[in-house]
Amino acid sequence: MKAIRRFTVRPVLPDPLRPLSDLARNLRWSWHTETRELFQSIDPEGWQACGEDPVRLLGTVSAERLAALARDRRFLRRLQAAADDLADYLGGRRWYQNQERPEGAELPAAIGYFSPEFGVTAALPQYSGGLGILAGDHLKAASDLGVPLIGVGLLYRHGYFRQSLSRDGWQQEHYPVLDPDELPVALLREADGTPCRISLALPGGRSLHATVWQAHVGRVPLLMLDSDVEENGPGERDVTDRLYGGGSEHRLLQEMLLGIGGVRAVRAYCRLTGHPEPEVFHTNEGHAGFLGLERIRELGTQGLGFDAALESVRAGTLFTTHTPVPAGIDRFDRELVARHFGHDGELPGVDVERVLALGMETYPGGEPNLFNMAVMGLRLAQRANGVSTLHGQVSRDMFAGLWPGFDPEEVPITSVTNGVHAPTWVDPEVVRLGARQIGAGRTEDALSVGGSARWDAVADIADDEIWDLRRTLRENLVHEVRDRLRASWRQRGAVDAELGWIEGVLDPDVLTIGFARRVPSYKRLTLMLRDRDRLTELLLHPERPIQIVVAGKAHPADDGGKRLVQELVRFADDPRVRHRIVFLPDYGMRMAQKLYPGCDVWLNNPLRPLEACGTSGMKAALNGCLNLSVLDGWWDEWFEPDFGWAIPTADGAVADEDRRDDLEANALYELIEQRVAPRFYERGRGQLPDRWIEMVRRTLAVLGPKVLAGRMVREYVERLYAPAALAHRALGPSSARELADWKSRVRAAWSGVAVDHVEAVAATAVNGTAELGSTLSLRVRAGLGELGPEDVEVQAVAGRVDSEDRITGAQTFPLKPASGPDLDGRWTYEGPLALDRTGPYGYTVRVLPAHPLLASGADLGLVTLPTEATGEGAGVLLR
């Protein structure tokens, strides 16, 4: 019989054990080894059975065991030490609190961080892949640094799917029901004890209601909205059923609840707890973009018009894009968006046409009938960034149409390269080795806070210690793989009698390569299978064999991705190679925490430049695993031969995708055959692979500090959060109105701006020829129409030129007004242009809008350049 209703009966902890509840409810346990070991000691078998989840564990421990622990003085001392450590962690001053700033330039009192998914721990399965894991690492690093973040997301009752395989290797999806009472979360409640409710208006007089669940991620609160409440109709209850599930309207409602409802949840949380209101709002990908509209509505109720409210909102908003392709962006039918923001929908008082204009693809090739979430995100944010240096370049190219007249390199999208939360991803064995070298406290600080350019102490670790550690981690992975493989085959219908071969799967002394990630086509799960005979020879090489561990999930609606999984599984099922290559289903955080440390080489072979960052290789590197990757994402930025290998690519040179895959697969095979495997098996003094160990050492010492989430969050604070907070404070109601009025006036008058004449004189020259170190004196006559010189900046733009006279590596030089206006209303601008480089050189001039409150000269997307006639005679000089 099946129960008609399910609920959780919580244990009553004896008074001496009460601190266990606080330790279990704060997710710091997920990255704090001592706390995890404390829970494990309560019931080692139960700890494994409940998925290493303290909340579930405490729900299964018998009253007799709890009573025994309450009398166990050794356990109580450990419990008190863990509780004291957590209290110190939550209440002490950390990096953020120790930053000294001039008065008025203080760091933001709080930052709202909005993301559709958060991968904090496997015990809270609210993530699908890299975006969610990155968001979870961002929260954890912010907690370690003391950054006052408030995380905002949705609570999905089915999370993302669990993956298994059919007998013939086809991916199957399962959606387990998640009971919030069994998760490390608690309802946000009003002062009278009733659950806090957030509501959104829907067309036709309906409403979407949601409760707010709160998780404690160390010092950082994570608020998650849940629409599965009795006040909702069936359709509304299902809005937060699955991560990235449902059709277009379902997705739109999820994103409205995340953005609009998320802001309302933050306001309720701050009202109920006294937490400072966020000065900065960080939109992690376009899914949360509607948060800017809710903030415009809030300011409208305070008497601010739409344009002024927009300026105020933009000043304090940061937008991070994670996608390198337009197809990865959410786009909705304009009519659908119009219906939900119309007269009986959400955001009363906000003109629906103004809403629609924010998401319009107004650039060449754009679709006028689609509403683009990333475009809205960029228009609602004064600051934006990609997640690696290469991805920043790709993003500037992709969105350049929003800033017509500017070269892509001037598009105001910067980059902050992602990082990973080392305490989460570094194996305890690696941490113990570090603690033996420099002490536990310094090791913890190095991994969580970071700040040093190199970890020089790694140089002092003996070669044999490093190699023994690597073998231990590899052996741990072998046992983990065998256990998971056996469980997978049982799910596929096999019985124990036919699984004896699994005891021979993998060898702890064989070079182990890992490949694990989502399975969209661009990540090329099956590139390694392009030449199966050659791969088989690598796997079975008599002297230098390799073994490969593969994991990954295809999106439930992606049959192409599922076929790739099946293709890989069928190859791995072959009795000739199945002891050397395995596919593990249900890739997630728990598996990843075993997989990264146990591999010697981490493989990544996406189609360049479609990997925005790719953080799995960072997690591997922190455990002494070497990277073998296409130069994409973070690897393009930080690759050195000391750390691993770069797979040569054929991007841009080969139009045929099959031909490109053949070339790059061949390059991969050659690298493994000729460089990777020989280096691993080569033995030097003491029968150790000296050169391999040195690469591991260099990876830890030089790459380690770079790939930390602590480094990433510090960059966000210094380069983006702090300037956004200053801009937010500078735009009070009157300043916002003044800026909005100024922009309106400039846009209306810009057609009257023109460059009428440009001339240049070589102020210093040798024999009449301009040479390196000489100076040109520029004189420009410009018409400003109804604008004044205080409204514009006139610049010279100079640099080397290519064969088509395009300026590369441009530098800008401001020109100053020298006289004007003349009888024709023209102003004269002058200034020097220093010739600081040799070779073909050229310049132009331009006029940009200028205002003290603009974050960038490209902010309005307005620029005036000379016509060909104007520039004639000034020329492109010094060829």
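This briefing covers the annotated domain, nonpolar cores, selected residues, pockets, cavities and backbone geometry of one structure. The model is predicted, so local features need pLDDT of at least 70 and side-chain atom pairs count only at pLDDT 80 or more, while totals for chains, interfaces and linings use all residues. Residues are numbered from 1 along each chain as its sequence is written, and side-chain values use heavy atoms, with hydrogens and water left out.

**Annotated domain**

- An unreviewed UniProt entry places the feature "domain: DUF3417" at residues 13–124; UniProt positions follow the numbering used here, feature names are shortened, and annotations may be inferred rather than shown by experiment.
- The span of residues 13–124 is 52% helix and 4% strand, and its end C-alpha atoms lie 23 Å apart.
- Helices (H or I, at least four residues) and strands (E, at least two) are DSSP runs, numbered from the N terminus.

**Nonpolar cores**

- A nonpolar core is a set of buried Ala, Val, Leu, Ile, Met, Phe, Trp, Tyr and Cys residues joined through side-chain atoms within 4.5 Å; buried means under 20% relative accessible area, exposed over 50%, and partly exposed in between (1.4 Å probe, protein chains only).
- The largest nonpolar core has 107 residues, of which Leu511, Met528, Ile548, Leu628, Trp645 and Trp692 touch the most other members.
- Helix α25 (residues 657–681) gives the most to this core, contributing 10 residues.
- Not counting residues up to four places away in sequence, Met528 touches Phe515, Leu535, Ile548, Val550, Leu568, Ile581, Leu603 and Tyr669, where contact means heavy atoms within 4.5 Å.
- Another core lies apart from it and has 97 residues, among them Tyr244, Ala268, Ala727 and Phe813.
- In soluble globular proteins, nonpolar side chains tend to be buried together.

**Selected helix residues**

- Lys140 is found in helix α7 (residues 130–145) and is buried, because its relative accessible area is 0%.
- The side chains of Lys140 and Thr424 are joined by a polar contact of 2.9 Å. A polar contact is a pair of N or O atoms within 3.5 Å; within protein, one must be able to donate a hydrogen and the other to accept it, and residues adjacent in sequence count only if both atoms are side-chain atoms.
- Beyond its neighbours within four places in sequence, Lys140 is in contact with Trp31, Tyr89, Gly119, Val120, Val217, His421, Thr424 and Met589.
- His250 lies in helix α9 (residues 248–273) and is buried at a relative accessible area of 16%; its contacts, leaving aside neighbours within four places in sequence, are Asp238, Val239, Asp241 and Gly245.
- Gln437, in helix α17, counts as partly exposed because its relative accessibility is 29%.
- Gln437 and Ile461 are 24 residues apart in sequence and 7.2 Å apart in space, C-alpha to C-alpha; with neighbours within four places left aside, Gln437 is in contact with Ala457, Asp460 and Ile461.

**Pocket and cavities**

- On a 1 Å grid over the protein atoms alone, a cavity is a set of points where a 1.4 Å probe fits but cannot get out, and a pocket is an open set with protein on both sides within 12 Å along at least five of seven lines; lining residues have an atom within 4 Å of a point.
- Grid points are joined across faces, edges and corners, and a volume is the space filled by probe spheres set on the points.
- The second largest pocket has a volume of about 1,200 Å³, and of its 41 lining residues Thr33, Arg36, Val426, Asp427 and Pro428 are the closest to its centre.
- Elements giving two or more residues to that lining include α2 (33–42), α16 (422–425), α17 (428–438) and α19 (463–491), while α18 gives the most, with six residues.
- The count comes to eight cavities of 30 Å³ or more, and the largest cavity holds about 120 Å³ of space.
- The largest cavity is lined by 13 residues, with Arg36, Thr121, Ala122, Arg590 and Gln593 nearest its centre; α22 supplies the largest share of this lining, three residues.

**Backbone geometry**

- Most residues other than glycine have a negative phi, and most peptide bonds are trans.
- Arg608 and Pro609 are joined by a cis peptide bond with omega of about 5°; Pro609 is found in the loop between β18 (601–604) and α23 (616–621).
- Glu52 has a positive phi near 55°, lies in the loop between α3 and α4 (54–60), and counts as buried at 14% relative accessibility.
- Arg524 has a positive phi near 55°, lies in the loop between β15 (511–516) and α20 (532–539), and is buried with a relative accessible area of 5%.
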